[in-house]
Amino acid sequence: MPHRCRNLTYAIAAAAVVTAGFAFPSGATAAAPRTATSDFNGDGYADLAVGVPDGTVDGKAKAGYVNVVWGGPKGVGAHGSIRVTQATPEVPGTPEAGDRFGASVALVDLNGDGIAELLAGAPGEDVTDRGTDAGMVTVVGGSTDGPGPGSTVLTGPSPSAAYGRSVAAAELTGGDNKAIVTGGTDKVVARVIQGEDSMITTVVAAPMGGRAPVLATGDFDSDGTSDLAVAYWTAGNPSTQSHVRLWRWDADRSEMANFWNTDNAGVTALAAGDFDGDGHDDLALGECREIADENIDDPCGPEELATGGGIHVHYGSPASGSFGSRAQTLNQDTAGVPGVAEDGDRFGASLAVGDVNRDGRDDLIAGAPGEAIGSRAGAGAAWLLSGGAQGLLDAGGAATSVAWNQDTSGVPGVAEAGDTFGAAVASGDGNADGVPDVTVGSPGENASLGAAWLLRSGSARDSAAFSPRTLGLPYLSTAQKYGKPLSSR
């Protein structure tokens with residue numbers, strides 16, 4: 001039976017109280033539209049959360065922190081930022097070596113007040129009476145004058161449970177009730193907020209090969225309520241298996257119910273969006289590859305399109321139809337996709353969604369952190385793949401896309417071996433001009449200090465970079481691997 005508890009909702013409600021005394025930051029105006037769901041400081045601009053789990057805090061290596069980078073008229077990176085750690089007042093816990101606070105992040109408006117809350121996972125957190133690396137997920141309230149009250153969402157039940165390896169949140173049960181989903185060691189758990197009460201239920205428990213389960217949310221069954229996508233795989237422990245599964249809320253049983261699967265598909269990233277503009281959510285599987293021969297035909301599409309990493313898309317259907325009955329697959333050998341598919345590119349290892357060209361169809365941003373630029377191995381690259389009437393590919397099987405790397409004209413910097421540009425990607429309207437911007441993380445930049453790039457309106461023109469140095473963050477001599485993960489919407 002689900003375990004019920006009551007402390008989370010009060011913390012979220014309290015976060016709304018600190019919005020009193022509103023003061024616009026420098027450069028912001030009262031006319032900025034209030035539509036961004038990742039607006040952490042209530043100024044009408046989408047903000048960006050950068051998880052820095054390898055960051056040093058108070059001298060503690062890999063204690064981890066989250067850098068919330070403010071949006072504004074010039075987009076994220078040009079208006080300052082704040083550093084949220086377990087030493088921040090009202091954030092639960094204490095910075096300790098190996099906590100890895102910020103290993104997963106999400107900015108989402110949990111209480112509907114127009115200001116986002118920050119969700120942060122710390123899979124290395126030691127929890128009293130539960131053991132080493134039990135893990136923890138924390139929610140921190142947003143406000144107009146800094147982080148608001150924080151609360152613990154979930155803690156792992158046992159040593160090495162590593163709760164907080166991944167995190168997501170959405171209205172999975174309908175009725176404006178948010179569910180916070182966390183991935184840990186061999187488990188995905190949801191905490192469902194229902195008024196002043198909440199409940200914890202296990203979504204799936206299965207071997208996951210020591211990897212963080214991949215999470216995404218979208219309305220895949222077209223019933224008007226969000227569903228949960230989960231991907232995980234393991235090799236030889238206890239057997240080789242891999243899955244991408246969809247779950248929806250079963251109100252009668254008060255738990256998540258599995259309603260769609262594709263097996264033998266090992267993926268690194270998932271993203272939901274309406275790529276063909278038919279009003280039904282589709283699901284993109286990033287760096288999709290067949291893990292084992294289970295006599296299942298092409299779970300990631302044609303095998304030759306998995307070279308160097310491939311993207312496989314299952315398309316939504318009307319409520320009377322079947323989700324995923326139509327699919328498309330692409331890689332760097334697909335017409336219209338710049339580059340050449342090569343082993344180790346990791347095309348699709350990171351994914352994000354946004355209607356960048358404003359045509360009413362979602363576009364897909366994909367990273368390939370292993371892409372070689374010339375002879376520079378692992379320099380990395382990212383692509384913007386445009387949605388169309390048939391989805392990401394036209395009737396002839398060709399894509400419309402543009403690629404970026406640090407040698408692209410207009411993009412600051414120089415592509416260097418090991419930069420891993422594209423290890424993380426995000427989309428959000430950081431300057432509130434009505435057009436989503438693209439952010440690309442490069443955790444290997446500057447000897448793994450890390451950095452991120454802003455591509456305004458999905459264009460290299462007038463793009464900019466920001467890093468721990470430009471944002472004035474501490475510990476600039478350590479390998480912080482800034483730029484992964486990213487969250488904005």
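Four bridges connect strand E19, residues 282-286, with strand E21, residues 311-315, and the two run antiparallel. Please keep in mind that this is a predicted model. Within that pairing, Leu-283 sits opposite His-314 in E21, and Leu-285 sits opposite His-312 in E21.

Now the whole sheet. What is the strand order? It reads E18-E19-E21-E22, an open sheet of four strands with antiparallel pairing. The edges are strand E18 (269-273) and strand E22 (326-330), each of which pairs on one side only. From one strand to the next, the twist averages 20 degrees.

Back to E19. Is E19 mostly covered or mostly uncovered? Mostly covered: five of its five residues are buried. In a regular strand, side chains alternate between the two faces of the sheet. Here Asp-282, Ala-284 and Gly-286 point one way from E19, while Leu-283 and Leu-285 point the other way, and all are buried. Note that Asp-282 is among the buried residues.

Next, the aromatics. How many aromatic pairs does a search of the whole structure find? Five. One of them is Trp-260 with Phe-323, edge-to-face, at 5.1 Å centre to centre and 85 degrees between the planes. This pair links distant parts of the chain: Trp-260 is in strand E16 (residues 255-263), Phe-323 is in the loop between E21 and E22, and they are 63 residues apart. Both Trp-260 and Phe-323 are buried.

Phe-347 and Trp-383 also form an edge-to-face pair, with 5.1 Å centre to centre and 85 degrees between the planes. Phe-347 lies in the loop between E22 and strand E23 (350-354) and Trp-383 in strand E25 (residues 381-385), so the pair ties together parts 36 residues apart in sequence. Why does Phe-347 count as buried? Because its relative accessibility is 0%, and the cut-off for buried is under 20%. Trp-383 is buried too, with a relative accessible area of 2%.

There is also a cluster: Phe-220, Trp-260 and Phe-323 form one aromatic cluster.

Last, two arginines over rings. Arg-326 lies over the face of Tyr-315, 4.0 Å from the ring centre. Arg-248 lies over the face of Phe-259, at 4.3 Å from the ring centre.

That is all I have.

Conventions
Residues numbered from 1 in each chain as written. Predicted model: local features only at pLDDT ≥ 70, side-chain atom pairs only at ≥ 80, totals over all residues. Heavy atoms only, no water. Pairing = 2+ DSSP bridges. Axes fitted to C-alpha atoms, helices over the stretch in contact; angles between N-to-C directions. Buried < 20%, exposed > 50% of the residue type's maximum accessible area, 1.4 Å probe, protein only. Phe/Tyr/Trp six-rings, centres within 6.5 Å; stacked < 30°, edge-to-face > 60°. Lys NZ or Arg CZ within 6 Å of the ring centre and 35° of its normal.
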